[in-house]
Amino acid sequence: MRVGLFIPCYVDQFYPNAGIATYQLLVKLGVDVTYPTGQTCCGQPMANSGFEHLTGDCNNLFIDNFAEFDYIVSPSGSCVLHVKDHLHSEHAEVQATGIRNKVYELVEFLVDILKVKELHAKFPHKVGLHQSCHGQRGLYLTQMTELVAPYFSKPQQLLSQVEGLELISLSREDECCGFGGTFCVVEEAVSSKMGKDRVKDHLVHGAEYITGADMSCLMHMEGILKREKSNVKVLHIAEILNAE
Amino acid sequence: MSRDKILAALQQNQPELVPLPPDLSFEKDETIDLSAKFKAMAEGIGSKVYEVADAEEIKRLIALDFPDAKRILSNVDEVVSDGIPAFILDADPHSYENVDIAIFKPRLGVAENSALWLTEDLMGVRALPFITQHIVMIVDVAALVPDMHTAYQVIGDADYGFSTFIAGPSKTADIEQSLVLGAHGPRSMTIFLCRF
Amino acid sequence: MNEATKTHPELSEIFNQDEARVDWHDETLWWIRQKRDKSAHSIPEWERLRETASQIKNNVLSGLAGYLTTFEKNALANGIVVHWAADAAEHNRIVHDILKRNGIGQMVKSKSMLTEECHLNEYLEEQGIDVIDSDLGERIVQLAKEPPSHIVLPCIHKKKEEIGDLFHIHLGVPAGTSDPQILTETARQHLRETFLTRRGALTGVNFAIAETGEFVVCTNEGNADMGAHLADVHIASMGIEKIIPQRKHLGVFLRLLTRSATGQPITTYSSHFKKPRAGQEMHIVIVDNGRTVQMGREDFRASLKCIRCGACMNTCPVYRRSGGHSYHTAIAGPIGAILAPNLDMKKYADLPFASTLCGSCSNVCPVKIDIHQQLYKWRQVIVKEGYADTTKKIGMQLMTFTLSSPTVFRTAGKAGRWVLKHIPFAVNNKFNPWFIHREMPEPPAESFGEWYKKNVKKNS
C-alpha cells in the first residue's frame, strides 16, 4: 500500500508541524508514505468563492501528483471533502474518479483503513475537541447533533487511546467556528464573533489545548486566542496522536 | 391569463415524474397507555385534565373552576343544566363575543400531541371554539388514537366545511420567548377524559 | 447609503456592534434549536419521517401543474373562488379588487410570508385600505414600522422593554411596562376589537390539499381563525408550492412542522378550511412570483419543497449572529439565501456568501433540502453571471495563477512568511480584515515542503 501525503497549502506554509506529525505518525504505523513535492493546493478557496471554473489547472496538478498512489491521505477534512466532491478533469476524468475514491482525511484513514486500536501516544492535558464542519458533516467523522441517530466519533476514538488525555465536554458540541474560507474576511464581523464564541466554550470548560482535524479552524481560533492573550494553544490532532 | 401562463411554465420546467413514497406506516408502540400519554402531553401544553366518571362530575367541576362564568354554552347533550344551556344557533357569530365557557365533544384525540379533532358540525358555529374565553373539551377515551397518521386514517375522506385540531389553550411566545397562555383564542382549555 | 442598498456583511457589522445584544439573540435562537432537538429525539422514526416528507414533496414538484389543476377543481366544487397571480403586483391587485367589490376598507391579516414577499400591506395602504396584522409578533413589527426578522418568530430581535415602549406609544400601556403577560393581554384586547369589527380577513396557507380542495392554516394564537370566522370575506394567499397531494399526508407534515420550528409537538390550532361559512365568500389566490422560474433551475428547484418552518434559521450560526434584517429580504437565513437570488440575482448576490457552508441547515430541514450544497452552487452561478466584485475576481485569478504552479506557490509562500517575520506591520494593520479581531499566524522557519526535502527526501 503506497500512500501519497497531501499537505494543505496553508499547513505547508504556516503550520508545518501538523504536516510533520502526520508524516511521522503514518511512518510509525508502518505506512509507505511519500510527499509529492510538486503539489500546491486542492483549489477549495477558489471554488468556495464561486470560482470553481478557474480550478482546472489546480485539479490537473493535483491529479499529476497523486494519481499513482493507492491512497491519498491529508490532515484536512475540508480539503479532502473538496477533492471528493469536486475533483474533475476534462482530459483525465478516469484518474480524477480514481482519486476521489481513494482520498482520505487522516482520522478516517487511521480508523477505517489502518483500523488503529492502540496508539503509543501520551498527552497528559485537558483537551477540547473541535468538530470541523466539513470533516464532520461531509466526511462523517463524528455524528451530527441535528440527527436522531446513534452517536459515534472517530477523532474521539483515537484521542481515547492517548495516555493521560482528558477530553473536556462543550456546551455546543458541533457549532461552526466561523472560518469558512474567504468568509473569514468577507464577513469579518460574524466570522470573528463565531470564533470568539467557539473559543469561549473551550475556555469555560477548562481546555488547555484545542484540537481538531482541520488546521484552518484551529488557525482562526488561535488568532483569537492570541488576541485575547490566552495561554491556551491549538494543536492539530496529528500532533497529539504523535505525541510521546 | 396568468393561470395558463403558470401552468404552461410548470409543464415546461417541472422535472420527470417521481412517485410518492409507497409506505406511510410508522411503528406504533402498542403498549402505550393512550390515556396517560394524552394527559401528560395535554398538561405539558397547558391544558387542565380531569379523569371523570360521569357528566354530573363534569358539571360540578366546571362550577367549581369557573364560579364567575356568566355565559356558558354546551354543544354536548350530556353536559347541559340550568346553568349550562345547550347551544342555540344565532346567525351572527359576533353574538357569541361574550361567551365565557364553551363546551365541545371532539371526534377524536391524538395522544402524541394532545390534539383534539373538532369538526364544524360539533362546533355550533365556527367562531365559537376561538371566541370563547375558556374552552372545555369532553373526550371519550375510546376516541383516543396514538398519532397523527392514525388520526387521518380515522378521519378518512370525511366531508366537512371546516374542521380543526385544537391542542391546548391559545398561546404566544412572541415576547422574548416568554410563554403566555391566552393569546387571541381561549385563555384556558379544560379536558374531561371520560367513557361516554 | 440607505438601508435598502446595504449588503449582508455591512448590515452584520452594524448588528455586531452591540455584542451583548448579539449574544442575547444568538442564545435565544440556539435555545429554540435545542427545543427542536429534544422534540425530534422523542420521535424514534424522525429521520424516516423527514425522508418521507422529502419524497412526498419531490413527487409534488414533479407533478405540480396537475396537482394545482386538481386542487382548483376541488376547491371550486367546495365553493371557494380561485384566483391565479403571476407576480406580486397581480396578487396585490387581486386582493384589493376582492375587498373593493365588497366595500371593505379595513382588513385583518394573519401571518403570511408570501404577503411580505409581495409587500401587500404597503400596496393596500396606498389604496386607502387599512390593514392590521393580528399575529402578536407581526403586530409588534407593524407598530415598529419594520419587516419581520424571522418567518416564524417575527420580532425575535426585539426586547420586551422595546415592545413595552411601542405599546406605550400606540396602545396606551403605562411607560416602562415590560411584563409579557400584561403586554399580551393588552394586545388581546386591542386585537379582539379588530376581529369583531373587520369584515375582511386574509390568511396564509400552510398546506393546500389537492385531493380535497381544502387548505390548512396553523397558528398558536388562534388569530387566523378569529379573523376568518368573523369576516364576511376570507382571502387565503398561497405560493404554488404549498400543495400536498392527499389529506393523509398531513399526518407526516403536521408531525414535522412545529417540532422543527419551535420544538412543540403541534401548533395549538391546525385549521382545515374546506368550504366558506354560509353567507361568507372564501377566496384563494395562487401565486407564482418567480417560483416557476426556480422550478426550471435544476440545481435549485428543491428549495421549493420548503414548508417555512424556520429550523434552518435557528440552527444557522451566521443568522443567529447577524439577525434576519441583515439579509434585506422577506425570507432570511439559509433558505432565503437560496430563494432570493432567483428573484433578483444582483440585489441578493451577497446572500449565498453569508455562510461558512457548515451544513447544519440541511440536517434540520424537515424536507431534506440540500441547502448548503445549493449555497455553494449559487456562488458559482453568481460569479458566472458577473455579480462578483472586481477585486475578488482579480484576487481569485491571482490565486489560481499561484496555486497552479509549484514554483510560484513556493516562492509566494516563502515571500509571505518573510514579510510576516520581518515587516509584520505591512500586514498587521487595519487594512487587513483578518487583523481586526485576530492575530496573524506565526511564520515558521521553514515550510513542510522544505522540511521534507531536508529530512526525508535526501534519505530516500
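1. A helix here is a DSSP run of H or I with at least four residues, and a strand is a run of E with at least two. Counted that way, chain A holds 13 helices and 10 strands. Keep in mind as you read on that this is a predicted model.

2. Let's stay with chain A and look at its overall form. The C-alpha trace spans about 50 × 40 × 40 Å along its principal axes. A compact globule of 244 residues would have a radius of gyration near 18 Å, and chain A has 17 Å, so the two agree. Of the 244 residues in chain A, 61% are buried. Take the contacts in chain A with a separation of 6 or more: 77% of them join residues 24 or more positions apart.

3. Now for the domains of chain A. The assignment gives domain 1 as residues 2–113 and domain 2 as residues 121–241. Their centres, taken over C-alpha atoms, are separated by 22 Å. Where they meet, 25 residues of domain 1 of chain A are in contact with 22 residues of domain 2 of chain A. On the domain 1 side, the elements giving two or more residues are helix 1 (9–14), helix 2 (16–28), helix 3 (44–51), helix 5 (77–86) and helix 7 (106–113) of chain A. By class, that side of domain 1 of chain A has 15 nonpolar, 8 polar and 2 charged residues.

4. Chain C is split into domain 1 (1–42 + 302–388), domain 2 (45–289) and domain 3 (401–459). Between domain 1 and domain 2 of chain C, the C-alpha centres lie 22 Å apart. Each of these two domains of chain C gives 27 residues to the contact. On the side of domain 1 of chain C, helix 2 (19–41) and helix 14 (311–315) of chain C are the elements that give two or more residues. Helix 2 of chain C supplies the largest share of that side, 9 residues. The residues on this side of domain 1 of chain C divide into 14 nonpolar, 7 polar and 6 charged.

5. Chains A and B do not touch, and their nearest C-alpha atoms are 16 Å apart. The contact between chains C and A takes 59 residues from chain C and 59 residues from chain A. The side of chain C that touches chain A has 29 nonpolar, 18 polar and 12 charged residues.

6. The axes of helix 1 (residues 2–13) of chain B and helix 4 (residues 64–77) of chain C come within 8 Å and cross at roughly 150°. From helix 1 of chain B, the residues B:Leu7, B:Leu10 and B:Gln11 meet C:Leu64, C:Ala65, C:Leu68 and C:Thr69 in helix 4 of chain C. The residues of this contact comprise 5 nonpolar, 2 polar and no charged.

7. Finally, look inside. In soluble globular proteins, nonpolar side chains tend to be buried together. The largest nonpolar core of this model has 268 residues, and C:Phe215 and C:Phe253 touch the most other members. Leaving aside residues up to four places away in sequence, C:Phe253 touches C:Ala53, C:Phe207, C:Ile244 and C:Ile307.

Conventions. Residues numbered from 1 in each chain as written. Chains lettered and ligands numbered in written order. Predicted model: local features only at pLDDT ≥ 70, side-chain atom pairs only at ≥ 80, totals over all residues. Contact = placed C-beta atoms within 7 Å. Nonpolar A, V, L, I, M, F, W, Y, C, P; charged D, E, K, R; others polar. Axes fitted to C-alpha atoms, helices over the stretch in contact; angles between N-to-C directions. Domains from an automatic or database assignment. Rg over C-alpha atoms; globule rule 2.2 N^0.38 Å. Buried ≥ 20, exposed ≤ 12 C-beta atoms within 10 Å, placed from the backbone. Core = buried A, V, L, I, M, F, W, Y, C linked by C-beta atoms within 7 Å.
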